[in-house]
Amino acid sequence: MLDVQIKEITKGDNPQIESVIRSVFIELNLPLKGTAYEDPETSAMYEAYDRPQSIYFVVKSNGEILGGAGIQPLKSHSQAVCELQKMYVLTKIRGCGIGQKLMDCCLDAARSFGFKKCYLETIPALHSAVDLYRRNDFLELQAPLGATGHHNCGTWMIKDLL
């Protein structure tokens, strides 16, 4: 088992977390258009989350970034709803409980920011991720919320944070 730490992103982490996100898309043969792969924020994650009620965590081991996830207010929606965003981890740490720890950090931060609900969008082919969300009481929706710009994510979920 790797010795990992979950920390807030720094500006110097941008190239590594961008590489992690993009490599997961390639590895799993996920759609590139209309997803985080082509999202302009993916190249500047520190700057994208350096805003009120926003935070991005990275998973590090010996200086190497192995994954990450973040929380931001859901664009074009109620101020009480945040979005769990860009949650990706490399193969070497999948199945070790790191995803749960990363999600716990994000949901704790969301509660501390005063959000009442947490929304997410994902690609249906990410079965393990969808299972993780379900185990954490995320419920599926019939349509997307807000204006994320990720039109190629076909699974939409929400969770009460109270």
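## Close-up views of a predicted model

**View 1**
Cys-118 is buried, because its relative accessible area is 0%, where buried stands for under 20% relative accessible area, exposed for over 50% and partly exposed for what lies in between (1.4 Å probe, protein chains only). The structure is a predicted model, in which local features need pLDDT of at least 70 and side-chain atom pairs count only at pLDDT 80 or more, while totals for chains, interfaces and linings use all residues. Residues are numbered from 1 along each chain as its sequence is written, and side-chain values use heavy atoms, with hydrogens and water left out. Not counting residues up to four places away in sequence, Cys-118 touches several residues, including Ile-71, Glu-83, Leu-107, Phe-138 and Met-157, where contact means heavy atoms within 4.5 Å. Although Cys-118 and Glu-83 are 35 residues apart in sequence, their C-alpha atoms are 5.4 Å apart in space.

**View 1. Strand S3 between its partners S2 and S4.**
Strand S3 (residues 64-73) is mostly covered, since eight of its ten residues are buried. Strand S2 (residues 55-61) runs antiparallel to S3 and is joined to it by seven bridges, two strands being counted as paired if DSSP finds at least two bridges between them. Within this pairing, Tyr-56 stands opposite Gly-70 in S3. S3 is also joined to S4 by six bridges, and these two strands again run antiparallel; here Gln-72 has Glu-83 in S4 as its bridge partner.

S2 and S3 form a hairpin with two residues between them, and Asn-62 is in the turn. The phi of Asn-62 is positive, about 50°, although this residue is not a glycine. As background for the reader, most residues other than glycine have a negative phi, and most peptide bonds are trans. Asn-62 counts as exposed because its relative accessibility is 79%.

**View 2. Aromatic pairs, with Phe-25 and Tyr-88 as one of them.**
A search of the whole structure finds four aromatic pairs. Rings of Phe, Tyr and Trp (its six-membered ring) pair if their centres lie within 6.5 Å, and planes under 30 degrees apart count as stacked, over 60 as edge-to-face and the rest as tilted. Phe-25 and Tyr-88 form a tilted pair, with 5.3 Å from centre to centre and 50° between the planes. This pair links distant parts of the chain, for Phe-25 is in helix H1 (residues 14-27) and Tyr-88 in strand S4 (residues 81-89), 63 residues apart. Phe-25 counts as buried because its relative accessibility is 1%, and Tyr-88 is buried with a relative accessible area of 13%. Another pair, formed by Tyr-133 and Phe-138, is edge-to-face, with 5.9 Å from centre to centre and 65° between the planes. Both partners are buried, Tyr-133 with a relative accessible area of 6% and Phe-138 with one of 2%.

**View 3. The two sides of helix H4.**
In helix H4 (residues 127-135), the residues Val-130, Leu-132 and Tyr-133 are buried. They cover an arc of only 155° around the axis, and therefore lie on the same side of H4; the arc is that of the directions from the helix axis to the C-beta atoms. On the other side of H4, the residues His-127, Ser-128 and Arg-135 are exposed. The buried residues of H4 pack against S4, helix H3 (98-112), strand S5 (117-122) and S7. After H4 comes Asp-137, which lies in the loop between H4 and strand S6 (139-141). The phi of Asp-137 is near 70°, a positive value in a residue other than glycine, and Asp-137 is exposed, with a relative accessible area of 52%.

**View 4. Thr-155 in strand S7.**
Thr-155 belongs to strand S7 (residues 155-160) and counts as buried because its relative accessibility is 7%. Leaving aside its neighbours within four places in sequence, Thr-155 is in contact with Leu-120, Glu-121, Thr-122, Pro-124 and Glu-140. Thr-155 and Gln-85 are 70 residues apart in sequence, and their C-alpha atoms are 13 Å apart in space.

Key:
Helices (H or I, at least four residues) and strands (E, at least two) are DSSP runs, numbered from the N terminus.
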